[in-house]
Structures are given as structure tokens and as C-alpha cells.
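Reader: I am new to reading protein models. Could you show me how to read a few features, step by step?

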Amino acid sequence: MDEFLRIIGFDWQLLHDAVLTGINIFILFFALSYLLFNPARNFLEKRRQKIAGDLAEAADNKKTAQELKAEYESKLKEIRKEADAILAEARKKAMVKEADILDEARAEAARIVERANRQVELERKKALDDMKQEIISIASLMAGKVVAGSMDVTVQDHLIDETLKEMGESTWLS
């Protein structure tokens, strides 16, 4: 039973062992914290600093990217302005070219009309010459008929009317 009391009871030996065990645990805790926790803390600190650096670098990169984006957008605007200017110039040149082509076409049309008018005039003169020839031939036929026989005034009037009718038909036919 003495042993039983010793296991349950608090005596100086148990107290001494408990104090030594506590001191050993405390020393072991500090030694392990120095050997294990400090490197882990250092590792975590380095990791935190690396992450902070990466975040700062990412922020710088983002800022640089935004600056580049703004620069590219301004360049795109300039390029668009240049393209618009080039297109405007091309439109102006096209309008000038169109006006030149239209003027040339009008001039050609005027030449064609003038040529046609000359052709009509020549045809009219030819028709007048043909009519004169016809009148001359009819007059000579009439003169031949007058000479061939004596004619009275009614016959002459009748011949003149016939001649005028033939002249009218020939001028309309040609």
C-alpha cells in the first residue's frame, strides 16, 4: 500500500521529478524553437517579403502596361487621323479625276454633236443639190414639152402644178 500511496501521493521525489521534467520541457521548448521555429519564421518572413515584392512588381508592371496602353491608344488615334487624312486626300483626288473625266466626256460629246451637225449640214446641202438637179431636169423636160408642142396656159399651169408636186414628193422622200 505504501507503493500505492507513493503513486498517488505527492512526495518530494514526485515533486522533484515534476520540476526537473518541467525544466527539461522548457529547455527543450526553447532549444527546439530556436532550432526549428526560427528557421520556419525566417522562411515565412522571406516568403512574405517575396510576395510583397511580387505584388509591388505586379503593380509596377500594371502601371507600365497602362502607360503603354495609353501610348498605343494615342498612336492608334494618330494613325486613324493619318488614315482619315489619306482617305480625304484620296477622295479629293478622286473628285478632281471625276471632274476631269466628266469634262473630257462633255468635250467628246460636244465634238460628236458638232460632227453630227456638220454631217447633217452636209446631208442637207447634198439634198438641196439633188433637189436643184431634179428641178433642172424637170424644167428641161418641161421646156422640151413646151417646145415640142404649143401649149396653152392651162396646160402650162397643169405642168407647173405637176412639177411642184413631184418636187414636193422628191424633197420629202430624200
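Author: We will go through salt bridges, aromatic pairs and a charged patch. Keep in mind that this is a predicted model.

Reader: How many salt bridges are there by the rule used here?

Author: First the idea: a side-chain nitrogen of Lys or Arg must be within 4 Å of a carboxyl oxygen of Asp or Glu. By this rule, the count is seven salt bridges. Take Glu45 and Arg48: their side chains meet in one, at 2.5 Å from N to O.

Reader: Where do Glu45 and Arg48 sit in helix H2?

Author: They are three residues apart in helix H2, so about one helical turn separates them. Glu45 is partly exposed, with a relative accessible area of 33%.

Reader: Which residue forms a salt bridge with Arg106?

Author: Asp103 does; the closest N and O atoms are 3.5 Å apart. Both lie in helix H2, three residues apart, about one turn of the helix.

Reader: Is Arg106 buried or exposed?

Author: Apply the cut-off: exposed means over 50% relative accessible area. Arg106 has 54%, so Arg106 is exposed. Asp103 has 44%, so Asp103 is partly exposed.

Reader: What about Arg124 and its salt bridge?

Author: Arg124 pairs with Glu121, with the closest N and O atoms 2.6 Å apart. Again the two are three residues apart in helix H2, about one helical turn. Arg124 is partly exposed at 44% relative accessibility, and Glu121 is partly exposed at 30%.

Reader: Now the rings. How many aromatic pairs does a search of the whole structure find?

Author: Three. To read a pair, check the angle between the planes: over 60 degrees counts as edge-to-face. The rings of Phe26 and Phe30 have planes at 85 degrees and centres 4.3 Å apart, so this pair is edge-to-face. Both residues lie in helix H2, four residues apart, about one turn of the helix. Phe29 and Phe30 have planes at 70 degrees and centres 5.8 Å apart, so that pair is edge-to-face as well.

Reader: Which residues form the aromatic cluster?

Author: Phe26, Phe29, Phe30 and Phe37 form one cluster. Phe29 is partly exposed at 48% relative accessibility, and Phe30 is partly exposed at 44%.

Reader: Last, the charged patch. Which residues gather in the patch of negative charge?

Author: Among them are Asp129, Glu134, Asp157 and Glu166, on the surface. Helix H2 (12-148) and helix H3 (153-173) are the elements that each give two or more residues. The largest share, four residues, comes from H3. Asp157 lies in helix H3 and is partly exposed, at 42% relative accessible area.

Key
Residues numbered from 1 in each chain as written. Predicted model: local features only at pLDDT ≥ 70, side-chain atom pairs only at ≥ 80, totals over all residues. Heavy atoms only, no water. Patch = residues over 30% accessible without salt bridge, like charges linked within 9 Å, V, L, I, M, F, W, Y side chains within 5 Å. Areas by Shrake-Rupley, 256 points an atom, 1.4 Å probe, with all protein chains shown as cover. Lys, Arg positive; Asp, Glu negative; His and termini not counted. Charge placed at Lys NZ, Arg CZ, Asp CG, Glu CD. Buried < 20%, exposed > 50% of the residue type's maximum accessible area, 1.4 Å probe, protein only. Phe/Tyr/Trp six-rings, centres within 6.5 Å; stacked < 30°, edge-to-face > 60°.
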